[in-house]
Amino acid sequence: MDKAIFTYKGVTPVLIKLAVLTILQCGMIIVQAYYLANAISSLYRGDLFRTVVVKLIIFLIALVLRQLLSVWKKNISFHFAAHTSECFRDALLQKLISLGPRFIRKEGSGMTVTLVMEGILKFRHYLEIYLIKMMNMAIIPMVIVLFIFKVSVQSAVILVVTLPILVTFLILLGLAAKSKADRQFQSFHLLSNHFIDSLRGLETLKYLGLSKEHVHKINSVSEAYRRATIKTLRIAFLSSFALDFFTLLSVATVAVFLGLGLINGTVQLHPALTILILAPEFFLPIRELGADYHATLDGKNAGKKIAEIIAQESEHHDHKILPVWNTSSSLAIKHVNLQFPDHQQGGLQDIELTVSGPQKIGIIGASGAGKSTLIDLLSGFLEPSSGEFWINGEKSSTLSNDVWQQQVTYIPQHPYIFNDTVLNNIRFYQPEAADDDVLRAAKKAGLEEVIQSLPQGLETVIGDGGRSLSGGQEQRIALARAFLGNRSIIMLDEPTAHLDIETEAELKETMLKLFSGKLVFFATHRLHWMLDMDQIIVLDQGRIVEIGSHEQLIANKSYYYQLVEAQKGDGQHG
């Protein structure tokens, strides 16, 4: 039994409803068996058909009511599964936003996308099936065996003795299936990550002439997943065979003793037929649970993984609600240090910074200086090891706060494009946005001509499996999301690093319009952006070595000046 189910919101009333309906369903099963056996025994005694019509009508009514109760139970389970999975999806997306791009890179973007898109659906399917089967297993055999006990103690004892053997066998095979399914789940995630990474790097592999060699790696990963799937299916088929075999053996044993009783005259035909009809019904919930257990293991594993991600929380997390940022707000960072647990990555040391109102702040430094780490810290994706943040005079130990993050637009180097329409990709963070608002945001981002050139316009499917976009067009999708959201804080982590100079120049005017009236932190190694920044933060080995405007830092002829001269030497213009 999955104990996690009992922790889900609203599960108690659902279980009570299912329990009541299952008990009523048990009543209908017994009524069916009783009146069908009665009708057959009457006909066997030589009674006319018209004398058993009423009994057959009662049997049919019980059959119909049993099916209606089954549909009612499925409807209750469906709505609960839909609501719970939707809550899980929202909580997962919020947590992924909170944990930030570093966590997604660590877990693998393929795994994360698969979990959000497919994992939630499998988890929903698991809940729909498992709740009903679990309730059937808990109630139906118990009610039926109590009824049979009143009719024939011997038959009831046979069923009660056989049941633990079936359950024990089911548990043993379930444990074996679980280990196989866990391996299959891991292989599936590996395949997802490998496929996504291969797809993203296909152009580079093709350019380097390595695409054909990479086929063998894809084949080996796919083959590992195939083998894991086959092993899981082998256990599932073995489990189904074993359950059917023991069920048939048990029913046959009951039938033999009932037959002997009929021959000896110790059992009447009516109760014997009633027991014989009810015996398969006694084992049916166990067989269904065993069969569906294997079919829903992926959903159970997906739910477990989602719950683990949602439950992740740093021990430094501060639940204080931070103030909303506006034009008169101020942010002061005091003695903030950040050290990664593995000590293999450079962190941040003694960061001190004060900003207020709408400003454009550039973050510059050599590769590995800590630009991305600072952006992730300011976005609330990373927790500091020590230090303080002061917003409008309110102290906090972290920016990992829903109120803060809901004000932040984060634009990475490679924005994720979902396999969906242009319309849904733009309004991903505002799913309720009107089409006209999306069109205005797209126009501001310079996507108007691109959309007009697409065969179905805004309804054209893009992303993996859809129409491919250039790097510049993908970045414009990210800008359109930002224009549509119109949040007051923008974090940019090397958003143009992968673009050529011409494409970057086309985007620059659009991006500067987006920055107007907002607090912007822009991390980049391309120094020409610094001319448009109000302040520049210069990082070196995780420390702030200089802060000032472009003119001030050039006049200082220190670290920033050296970076500018070095880029001039490389033939680039700052």
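Modeller: A residue is called buried when its relative accessible area is under 20%, exposed when it is over 50%, and partly exposed in between, using a 1.4 Å probe and the protein chains only. By this rule, 47% of the 574 residues of the protein count as buried. The model is a predicted one, in which local features need pLDDT of at least 70 and side-chain atom pairs count only at pLDDT 80 or more, while totals for chains, interfaces and linings use all residues. Residues are numbered from 1 along each chain as its sequence is written, and side-chain values use heavy atoms, with hydrogens and water left out.

Biologist: How many helices and strands does the protein have?

Modeller: Helices (H or I, at least four residues) and strands (E, at least two) are DSSP runs, numbered from the N terminus. The protein contains 17 helices and 12 strands. Its accessible surface, computed by the Shrake-Rupley method with a 1.4 Å probe, comes to about 28800 Å², and carbon and sulfur atoms hold 59% of that area.

Biologist: In what order do the 6 strands of the open sheet stand?

Modeller: Strands of a sheet pair through backbone hydrogen bonds, either parallel or antiparallel. Here two strands are taken to pair if DSSP finds at least two bridges between them. The order is E6-E9-E10-E3-E11-E12, with mixed pairing. Strand E6 (408-411) and E12 are the edges; each has a single partner strand, so one side of each lacks a neighbour in the sheet. From one strand to the next, the twist averages 15°. Helix H15 (residues 501-515) packs on the sheet and touches E3, E6, strand E9 (489-493) and E10. Contact here means heavy atoms within 4.5 Å. The direction of H15 makes about 145° with that of E9, where axes are lines fitted to C-alpha atoms (for helices, over the stretch in contact) and angles between N-to-C directions run from 0 to 180 degrees.

Biologist: Do E3 and E10 run parallel or antiparallel?

Modeller: Strand E3 (residues 360-365) and strand E10 (residues 519-523) are parallel, joined by 4 bridges. Within this pair, Ile361 stands opposite Phe521 in E10. By contrast, strand E11 (residues 535-540) and strand E12 (residues 543-548) pair in the antiparallel sense over 5 bridges, and Leu539 faces Ile544 in E12. The hairpin of E11 and E12 has 2 residues between the strands, and Gln541 takes a positive phi near 55° there.

Biologist: With which residues is Val355 in contact, leaving aside its neighbours within four places in sequence?

Modeller: Val355 belongs to strand E2 (residues 348-356) and counts as buried because its relative accessibility is 3%. The residues in contact with Val355, apart from neighbours within four places in sequence, are Trp325, Ser329, Ser330, Leu331, Ile361, Leu519, Phe521 and Gln535. The C-alpha atoms of Val355 and Ser329 are 8.6 Å apart, and 26 residues separate the two along the chain. For the protein as a whole, 78% of the contacts with a separation of 6 or more involve residues 24 or more positions apart.

Biologist: How many residues of helix H9 are buried?

Modeller: Helix H9 (residues 371-378) is mostly covered, with 7 of its 8 residues buried. These are Lys371, Thr373, Leu374, Ile375, Asp376, Leu377 and Leu378. Gly380, which follows H9, has a positive phi near 85°.

Biologist: Which residues make the nonpolar surface patch?

Modeller: A patch is made of residues with over 30% relative accessible area and no salt bridge; like charges are joined within 9 Å, and nonpolar side chains (Val, Leu, Ile, Met, Phe, Trp, Tyr) within 5 Å. Ile57, Ile61, Val64, Leu65 and Leu68 make a nonpolar patch of about 440 Å². Ile61 lies in helix H2 (residues 53-107) and is partly exposed, at 45% relative accessible area.

Biologist: How many salt bridges does a search of the whole structure find?

Modeller: Side chains of opposite charge can pair when their charged atoms come close. The criterion is a side-chain nitrogen of Lys or Arg within 4 Å of a carboxyl oxygen of Asp or Glu. The search finds 10. One of them joins Lys508 and Asp532 at 3.1 Å, N to O. This pair links distant parts of the chain, with Lys508 in helix H15 and Asp532 in the loop between E10 and E11, 24 residues apart. Lys508 is buried, at 18%, whereas Asp532 is partly exposed, at 26%. Another salt bridge joins Arg427 and Asp435 at 3.3 Å; Arg427 is buried at 16%, and Asp435 is partly exposed at 40%.
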